[in-house]
Amino acid sequence: RSLGYVLGIETSCDDTGIAIVDTDGKVHANVLESQQEFHTRYGGIIPPRAQDLHRSRIAHAYERCLSEANVEPSQLSAIAVTTRPGLPLSLLIGLRFAKHLARKNKKPLLPVHHMEAHALQARMEHITAIGYPYLCLLISGGHSQLALVRGPGQLTLLGDSLDDAPGEAFDKIARRLRLFVLPKYRLWNGGRAIEDAAKSAQNPNAYDFPRPLAQQRNCNFSFAGIKNNSFRAIRMRELLERTPCDGVISNYNDFCAGLLVAVSRHLMNRTQRALEFCLHPHQNLFGDAPPTLVVSGGVANNDVIFANISHLALQYNCRTYRPSKGYCSDNGVMIAWHGVEQLLHDCANNLRYDYDNIDIA
Ligand code: KG4
Ligand code: ZN
């Protein structure tokens, strides 16, 4: 039943990811070149620099991918590439390269929506457990969404972020806390550093955080309040301690633990609303399938958040899954897997060779 190999190319932000996955979900190669070290030095991503780095690395990443998988280009069934959403300059590099490969090897090109790829990724490893439709909580550096997933290209958005995404808030707060001056965290993202720091907390209730949108009867998200409140608290501590500007404030472990509780609480509150909506007896959007929740995107790496969400879902007899650690964050595997889903679900008669008509966004 195998339909062969799909190559996936991801360049929507600051990671150059190229992978080969077969239609049974086996990963044959997974090359990921992170730009984190470079961007950390400049305090954030500068789009033209990110583009340069993608451009200089992509061909080499592709060669490494083929040799890791021991696959010839002629053996590929299709080439999948992220076309949206993302930084336009970065997306363009991946798309141009994908078009070049598709043309040269006469392969169909499958455009992939980055967030949809996050949403489908957990099926690669749990295809029998996660049948359509399922509820998906997508939490990353750029998004915070709840969606009912019925298949590739068939997502119904139930809630969206009104301002900052949770990963973005973690990254900015970690920077203000100056966690990145600690050698251990130098090359980590903010969310991971905060999760690790929280493990050494003595008192997670030492700081107060707001409860955004608690009274609103919808599934939207807002992290700006928690973020700004965090900035204020950090500023206060700095004033109190008169810390030299290269030091980390004291009590940062307690602060991180409190922040994780606040973010979990908000995500749980919104997810609970979505579960009640989906399970409402008048509509039961899960149909006959057992209710299933998937948490994905970079923030799904967080064990505290995942445990809290799983615990909530269990109260609704809903099972919760996430992709395994390496596959929650951006990578080429999720793009290749979305390509596989397209092959399995349509689309064999929909294969696209009209490369010129495929564009970003
Ligand atoms: O999905 P992703 O790799 O890229 C986007 O599409 O945005 O997500 C990156 C985000 C970063 O903001 C990072 O801080 C967050 O995921 N992240 C985490 C953890 N690992 C990565 N947030 C919380 N806890 C983690 N362990
Ligand atoms: Zn992502």
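## Sheet and ligand shell of a predicted model

Strand 1 (residues 5-10) and strand 2 (residues 15-22) pair in the antiparallel sense over 6 bridges; helices (H or I, at least four residues) and strands (E, at least two) are DSSP runs, numbered from the N terminus, and two strands pair if DSSP finds at least two bridges between them. Within this pair, valine 6 stands opposite valine 21 of strand 2.

This is a predicted model, in which local features need pLDDT of at least 70 and side-chain atom pairs count only at pLDDT 80 or more, while totals for chains, interfaces and linings use all residues. Residues are numbered from 1 along each chain as its sequence is written, and chains are lettered from A and ligands numbered from 1 in the order in which they are written.

An open sheet of 5 strands has the order 3-2-1-4-5, with mixed pairing. Strand 3 (27-34) and strand 5 (109-113) are at the edges with a single partner strand each, so one side of each has no neighbour in the sheet.

Ligand 1 has 20 residues around it, of which Gly141, Gly167, Gly191, Gly298 and Asn302 come nearest; a residue is near if its C-beta atom, placed from the backbone, lies within 6 Å of the molecule. Helix 5 (166-176) and helix 6 (190-198) are the elements giving two or more residues to this shell. Domain 1 (5-126 + 327-357) and domain 2 (134-324) both contribute to the shell, so ligand 1 lies between them; the domain bounds come from an automatic or database domain assignment.

The shell divides by residue class as follows.

| Class | Shell residues around ligand 1 |
|---|---|
| Nonpolar (Ala, Val, Leu, Ile, Met, Phe, Trp, Tyr, Cys, Pro) | 3 residues |
| Polar (the others, Gly among them) | 12 residues |
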